[in-house]
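Have the sequence and the 3D view at hand as you read.

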Amino acid sequence: MAFKELWTEFRPIEVNDRWVLRQVDPEGDLDVYYEIYCDAEAMKYYQSYGKPPADKDWVRVVLRNQIKEFEKRRVYNWTIADAQTGEAMGRILLSDFQNNNTMANIGYFLHRKHWGKGVATACAEAVIRFGFDYLKLERIYSEVEVNNVASWRVLEKNGFTREGTLRHCFMLNDGVHDCYLYGKLSTDGSAAL
(Lines give C-alpha, C1' and ligand atoms only; values in the text may rest on other atoms or scores of the structure.)
Protein backbone atom coordinates (compact mmCIF):
# COMPACT_ATOMS: atom_id res chain seq x y z
CA MET A 1 0.00 0.00 0.00
CA ALA A 2 1.34 3.45 -0.90
CA PHE A 3 2.33 5.85 1.88
CA LYS A 4 -0.37 8.38 0.95
CA GLU A 5 -3.01 5.64 1.19
CA LEU A 6 -1.86 4.82 4.74
CA TRP A 7 -2.36 8.43 5.72
CA THR A 8 -5.99 9.04 4.79
CA GLU A 9 -7.56 9.30 8.21
CA PHE A 10 -6.13 9.89 11.66
CA ARG A 11 -5.36 6.71 13.57
CA PRO A 12 -5.50 6.88 17.35
CA ILE A 13 -3.34 4.43 19.30
CA GLU A 14 -4.25 2.68 22.52
CA VAL A 15 -0.92 2.57 24.37
CA ASN A 16 -2.19 0.59 27.38
CA ASP A 17 -5.03 0.84 29.90
CA ARG A 18 -3.61 4.14 31.20
CA TRP A 19 -2.72 6.19 28.12
CA VAL A 20 -4.02 6.74 24.60
CA LEU A 21 -2.74 8.72 21.66
CA ARG A 22 -5.46 10.70 19.93
CA GLN A 23 -5.88 13.67 17.66
CA VAL A 24 -5.61 17.06 19.29
CA ASP A 25 -8.79 18.91 20.29
CA PRO A 26 -7.89 22.61 19.86
CA GLU A 27 -10.56 23.73 22.33
CA GLY A 28 -10.70 20.84 24.78
CA ASP A 29 -6.90 20.54 25.08
CA LEU A 30 -6.22 24.27 25.08
CA ASP A 31 -5.67 24.77 28.82
CA VAL A 32 -3.25 21.87 29.20
CA TYR A 33 -1.17 22.87 26.18
CA TYR A 34 -1.17 26.48 27.37
CA GLU A 35 0.27 25.33 30.72
CA ILE A 36 2.94 23.28 28.94
CA TYR A 37 3.94 26.11 26.59
CA CYS A 38 4.10 28.54 29.53
CA ASP A 39 6.42 26.23 31.48
CA ALA A 40 9.98 27.23 30.53
CA GLU A 41 11.40 24.05 32.09
CA ALA A 42 9.06 21.82 30.06
CA MET A 43 10.02 23.70 26.88
CA LYS A 44 13.72 24.01 27.72
CA TYR A 45 14.85 21.63 24.96
CA TYR A 46 12.11 22.33 22.40
CA GLN A 47 13.83 23.84 19.35
CA SER A 48 11.03 25.94 17.92
CA TYR A 49 10.13 27.43 21.30
CA GLY A 50 10.85 31.13 21.53
CA LYS A 51 9.10 32.46 24.61
CA PRO A 52 5.93 31.73 26.57
CA PRO A 53 2.75 32.52 24.63
CA ALA A 54 1.18 35.89 25.29
CA ASP A 55 -2.27 34.32 25.39
CA LYS A 56 -4.26 31.19 24.64
CA ASP A 57 -5.05 32.35 21.11
CA TRP A 58 -1.45 31.62 20.08
CA VAL A 59 -1.74 28.08 21.47
CA ARG A 60 -5.10 27.59 19.74
CA VAL A 61 -3.45 28.44 16.39
CA VAL A 62 -0.61 25.97 17.10
CA LEU A 63 -3.11 23.21 17.88
CA ARG A 64 -5.18 23.91 14.78
CA ASN A 65 -1.98 23.83 12.72
CA GLN A 66 -1.25 20.34 14.06
CA ILE A 67 -4.42 19.13 12.34
CA LYS A 68 -3.51 20.97 9.12
CA GLU A 69 -0.01 19.46 9.13
CA PHE A 70 -1.55 16.02 9.45
CA GLU A 71 -3.94 16.71 6.56
CA LYS A 72 -0.98 17.78 4.41
CA ARG A 73 0.85 14.54 5.33
CA ARG A 74 3.73 16.44 6.89
CA VAL A 75 3.49 15.62 10.59
CA TYR A 76 1.66 12.83 12.39
CA ASN A 77 0.77 14.52 15.71
CA TRP A 78 -0.84 12.71 18.60
CA THR A 79 -2.01 14.15 21.88
CA ILE A 80 -0.97 11.91 24.75
CA ALA A 81 -4.09 11.54 26.91
CA ASP A 82 -5.28 9.79 30.02
CA ALA A 83 -7.23 6.72 28.86
CA GLN A 84 -9.90 7.14 31.54
CA THR A 85 -10.51 10.90 31.56
CA GLY A 86 -9.29 11.88 28.08
CA GLU A 87 -7.28 14.73 29.62
CA ALA A 88 -4.32 15.83 27.50
CA MET A 89 -0.90 15.15 29.00
CA GLY A 90 1.47 16.11 26.19
CA ARG A 91 2.36 15.53 22.57
CA ILE A 92 4.24 12.95 20.51
CA LEU A 93 4.85 13.06 16.77
CA LEU A 94 6.50 11.68 13.70
CA SER A 95 7.78 14.37 11.34
CA ASP A 96 10.39 15.18 8.69
CA PHE A 97 9.47 12.23 6.48
CA GLN A 98 12.37 11.60 4.09
CA ASN A 99 13.83 9.04 1.67
CA ASN A 100 10.55 8.36 -0.11
CA ASN A 101 8.76 8.33 3.24
CA THR A 102 10.84 5.51 4.71
CA MET A 103 12.41 7.65 7.45
CA ALA A 104 10.93 9.97 10.10
CA ASN A 105 11.89 11.93 13.19
CA ILE A 106 10.22 11.23 16.55
CA GLY A 107 9.67 13.96 19.14
CA TYR A 108 7.67 14.36 22.34
CA PHE A 109 6.99 16.55 25.37
CA LEU A 110 4.86 16.18 28.50
CA HIS A 111 3.22 18.35 31.10
CA ARG A 112 5.58 18.45 34.06
CA LYS A 113 3.14 16.64 36.39
CA HIS A 114 3.54 13.51 34.24
CA TRP A 115 7.35 13.39 34.21
CA GLY A 116 9.12 10.34 35.57
CA LYS A 117 6.13 8.00 35.30
CA GLY A 118 7.07 6.08 32.14
CA VAL A 119 4.54 7.92 29.99
CA ALA A 120 6.98 9.09 27.30
CA THR A 121 8.71 5.70 27.13
CA ALA A 122 5.46 3.77 26.68
CA CYS A 123 4.01 6.25 24.18
CA ALA A 124 7.24 6.33 22.18
CA GLU A 125 7.19 2.54 22.02
CA ALA A 126 3.64 2.65 20.61
CA VAL A 127 4.51 5.32 18.02
CA ILE A 128 7.66 3.45 16.98
CA ARG A 129 5.62 0.28 16.48
CA PHE A 130 3.06 2.29 14.47
CA GLY A 131 5.82 3.81 12.36
CA PHE A 132 7.42 0.49 11.51
CA ASP A 133 4.35 -1.75 11.32
CA TYR A 134 1.74 0.58 9.83
CA LEU A 135 3.62 3.33 7.99
CA LYS A 136 6.33 0.85 6.90
CA LEU A 137 9.16 3.15 7.90
CA GLU A 138 12.67 1.74 7.71
CA ARG A 139 14.27 4.21 10.11
CA ILE A 140 13.14 6.45 12.94
CA TYR A 141 15.58 8.96 14.36
CA SER A 142 15.79 11.80 16.85
CA GLU A 143 18.17 14.66 17.54
CA VAL A 144 18.36 15.31 21.29
CA GLU A 145 20.26 18.13 22.98
CA VAL A 146 23.13 16.51 24.91
CA ASN A 147 21.90 17.67 28.33
CA ASN A 148 18.35 16.42 27.79
CA VAL A 149 19.02 13.19 29.68
CA ALA A 150 15.36 12.28 30.21
CA SER A 151 14.66 12.41 26.48
CA TRP A 152 17.62 10.36 25.39
CA ARG A 153 16.85 7.78 28.07
CA VAL A 154 13.37 7.35 26.54
CA LEU A 155 15.04 6.56 23.22
CA GLU A 156 17.60 4.20 24.71
CA LYS A 157 14.87 2.30 26.59
CA ASN A 158 13.17 1.86 23.21
CA GLY A 159 16.25 0.34 21.58
CA PHE A 160 17.63 3.40 19.81
CA THR A 161 21.36 3.59 19.15
CA ARG A 162 23.31 6.74 19.83
CA GLU A 163 24.92 7.17 16.42
CA GLY A 164 27.01 10.22 17.14
CA THR A 165 27.16 13.83 18.20
CA LEU A 166 26.12 16.63 15.88
CA ARG A 167 28.03 19.75 16.80
CA HIS A 168 26.24 23.08 16.98
CA CYS A 169 23.08 21.85 15.29
CA PHE A 170 20.43 22.41 17.95
CA MET A 171 19.11 25.96 18.34
CA LEU A 172 17.64 26.87 21.72
CA ASN A 173 16.85 30.23 23.29
CA ASP A 174 20.32 30.59 24.77
CA GLY A 175 22.21 29.69 21.58
CA VAL A 176 23.37 26.78 19.49
CA HIS A 177 23.99 23.44 21.20
CA ASP A 178 25.39 20.04 20.38
CA CYS A 179 22.97 17.16 20.12
CA TYR A 180 23.07 13.40 20.04
CA LEU A 181 21.75 11.65 16.97
CA TYR A 182 19.74 8.55 17.82
CA GLY A 183 18.42 6.06 15.31
CA LYS A 184 16.48 2.84 15.15
CA LEU A 185 15.90 0.63 12.13
CA SER A 186 12.86 -1.54 11.56
CA THR A 187 15.22 -4.52 11.60
CA ASP A 188 16.70 -3.68 15.02
CA GLY A 189 14.01 -5.57 16.93
CA SER A 190 12.20 -4.65 20.09
CA ALA A 191 13.84 -3.18 23.15
CA ALA A 192 13.56 -4.83 26.51
CA LEU A 193 11.65 -2.25 28.53
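Is aspartate 31 buried, partly exposed or exposed? What you see is a predicted model, and in it aspartate 31 counts as partly exposed, because its relative accessibility is 43% and partly exposed covers the range between under 20% for buried and over 50% for exposed. Aspartate 31 has a charged partner: it forms a salt bridge with lysine 56, and the closest N and O atoms of the two are 2.5 Å apart. This pair links distant parts of the chain, since aspartate 31 sits in helix H2 and lysine 56 in helix H3, 25 residues apart. Lysine 56 is partly exposed as well, with a relative accessible area of 33%.

Helix H3 runs over residues 56-71, and its 16 residues should span 22 Å at 1.5 Å a residue; the C-alpha atoms at its ends are 23 Å apart, which agrees. At the start of H3, a side-chain oxygen of aspartate 55 comes to within 3.0 Å of the backbone nitrogen of aspartate 57. Which residues of H3 are buried? They are Val59, Arg60, Leu63, Gln66 and Phe70. These residues cover an arc of only 110 degrees around the axis, which means that they lie on the same side of H3. The cover over the buried residues of H3 includes helix H2 (30-38), strand E3 (76-82) and strand E4 (88-98).

Arginine 60 counts as buried because its relative accessibility is 17%, below the cut-off of 20%. Its charge has a partner, for arginine 60 forms a salt bridge with aspartate 57, with the closest N and O atoms 2.6 Å apart. The two are three residues apart in helix H3, so about one helical turn separates them. Aspartate 57, at 47% relative accessibility, counts as partly exposed. Salt bridges that share partners join Glu27, Asp57, Arg60 and Arg64 into one network.

The side chains of arginine 64 and glutamate 27 meet in a salt bridge, at 3.3 Å from N to O. Here too the pair links distant parts of the chain: arginine 64 belongs to helix H3, while glutamate 27 is in the loop between strand E2 (19-22) and H2, 37 residues away. Arginine 64 is partly exposed, with a relative accessible area of 44%, and glutamate 27 is likewise partly exposed at 44% relative accessibility. In total, the structure holds 10 salt bridges. As a general point, side chains of opposite charge can pair when their charged atoms come close.

Now follow the chain out of H3. The helix is followed by arginine 73, whose phi is positive, near 60 degrees. Arginine 73 lies in the loop between H3 and E3, and it is partly exposed, with a relative accessible area of 36%. Aspartate 96 also has a positive phi, about 50 degrees, although it is not a glycine. Its place is in strand E4, and aspartate 96 is partly exposed, with a relative accessible area of 42%.

The largest nonpolar core has 40 residues, and the members that touch the most others are Leu21, Tyr76, Trp78, Ile92, Leu94, Ile106 and Leu135. Which helix gives the most to this core? It is H4, residues 119-133, with 10 residues. A second, separate core has 12 residues, including Leu30, Ala42, Met43 and Leu63.

Leaving out residues up to four places away in sequence, leucine 21 touches Pro12, Ile13, Val15, Trp78, Thr79, Ile80, Ile92, Cys123, Ala126 and Val127.

Let's finish with H4. This helix has 15 residues and reaches 21 Å from its first C-alpha to its last, close to the 21 Å expected at 1.5 Å a residue. Since 12 of its 15 residues are buried, H4 is largely enclosed by the rest of the structure. Among those buried residues are Cys123, Ala126 and Val127, which are also contacts of leucine 21.

Conventions. Residues numbered from 1 in each chain as written. Predicted model: local features only at pLDDT ≥ 70, side-chain atom pairs only at ≥ 80, totals over all residues. Heavy atoms only, no water. Helix = DSSP H or I, 4+ residues; strand = E, 2+ residues; numbered from the N terminus. Expected span 1.5 Å × (residues − 1). Buried < 20%, exposed > 50% of the residue type's maximum accessible area, 1.4 Å probe, protein only. Arc of directions from axis to C-beta. Contact = heavy atoms within 4.5 Å. Polar contact = N/O pair within 3.5 Å; in protein donor to acceptor, adjacent residues only side chain to side chain. Core = buried A, V, L, I, M, F, W, Y, C linked by side-chain atoms within 4.5 Å. Salt bridge = Lys/Arg side-chain N within 4 Å of Asp/Glu carboxyl O.
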